[in-house]
Amino acid sequence: MKGPPQRSTRARLVYFDFWTDPVAPALLREAAGIDLIELRYAAPAEASWPVLERAHGYQIAPRGELQAPWFGDEALLRRCPDLLAISSTGSGYDVVDVDACTRAGVLVCNQAGGNRRAVAEHALGMMISLSKRIALADRALRVRDVARFEIAGNDVGGKTVGIVGIGHIGSYLAGLCKAFGMEVLAFDPFRDADMIASRGATKVSFDALLSRSDFVSVHCPRNAQTLDLFDREAFAKMKRTAYFVNTARGGIHNEAALTEALAKKTIAGAGLDVFLTEPPPANHPLLAFENVIATPHTAGVTAESLYNLSKSAATQWIDLFDGQRPPRLVNPDAWPRFVERFERVFGFPVEATAKRT
């Protein structure tokens, strides 16, 4: 059996403080030719920079845990000339300047799909809780006598859900909603009608999704095109009886616009797992509404998903340092320059296809 290639230089992989599950450090420390190096946010920056500046790989923390100056931006890339790749903890990679990485020949990888079940279940749970007023009833029961017929909710079966972004998580959610007998609509400009149909949904325009859906659930990345996608105009196009759910990223919905929509009863309520500032302050305006369910970016935080994300990141690093094209490559335009840099550093050529999918 063919073993791993013999590198002229050992691969140096750096991370700060923790992995989502100990399976990753265990796998990486067993892998041949990889030095896994843990740094601490609490340590002085001048002690950490010399280590990161010599790294070939950087496993970057998610936004909620990541601390300055360790974002994957152009300033970090300038200080790390040997860096070949940056890998995110989950599917999101908004803490990395992808364009700057591409220019530098640095690969950006993510763990797309590793937490799809957890996030989709969380989104569906928010829809059910909002529609059946479960959280509201729970809070009311704890502080006063409850007249149960005054807090009657609605079934989710037979309703219409609109999914914005039907990738790994969105398509899994579509399957869950179908099991409840829901009609599933999807807006995704990067996928055609046939592909969306194969994922259990009907392709519609953004405006049609807003006007027809009883629930709108967000599962797209945050970028220049989706920042403030849900603004005052978007919320005004939703049904007054509809619920808005965002388990993707803060900033995709404009928080002031959502606050206004809730105050004016333009929509029926919201389920929010993400905010611009995380965790949000206790006096955040959106937390004052009884018809808002909020969680601290925990949709993807289950024991199973943390294990999956950690293992997929570790195996992808092993593949990458063995000269395999990583299966979850965000910026394929960086590949040609990466190939040249990789061969110069490690002394053997890379392979063109992914080893694991």
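Which residues of helix α11 (residues 255–263) are buried? In this predicted model, the buried residues of α11 are E255, A257, L258, T259, A261 and L262.

An α-helix has 3.6 residues a turn, so residues three or four places apart point the same way.

At the start of α11, the backbone nitrogen of A256 has a side-chain oxygen of N254 within 3.1 Å, while K265, which follows the helix, has a positive phi, near 60°.

## Cis peptide bonds

The peptide bond from A68 to P69 is cis, with omega near 10°, and P69 belongs to the loop between β3 (57–59) and α3 (74–79). A cis peptide bond also joins E278 to P279, with omega about -5°, and P279 is placed in the loop between β11 and β12.

## Positive phi in loops

R133, a residue other than glycine, has a positive phi near 60° and sits in the loop between α5 (116–132) and α6 (134–143); R133 counts as partly exposed because its relative accessibility is 28%. D228, likewise not a glycine, has a positive phi of about 60° and lies in the loop between β9 (215–218) and α10, where its relative accessible area of 35% makes D228 partly exposed.

## An exposed helical residue

D99 is part of helix α4 (residues 98–104) and is exposed, because its relative accessible area is 54%.

How values were computed: Residues numbered from 1 in each chain as written. Predicted model: local features only at pLDDT ≥ 70, side-chain atom pairs only at ≥ 80, totals over all residues. Heavy atoms only, no water. Buried < 20%, exposed > 50% of the residue type's maximum accessible area, 1.4 Å probe, protein only. Helix = DSSP H or I, 4+ residues; strand = E, 2+ residues; numbered from the N terminus. Polar contact = N/O pair within 3.5 Å; in protein donor to acceptor, adjacent residues only side chain to side chain.
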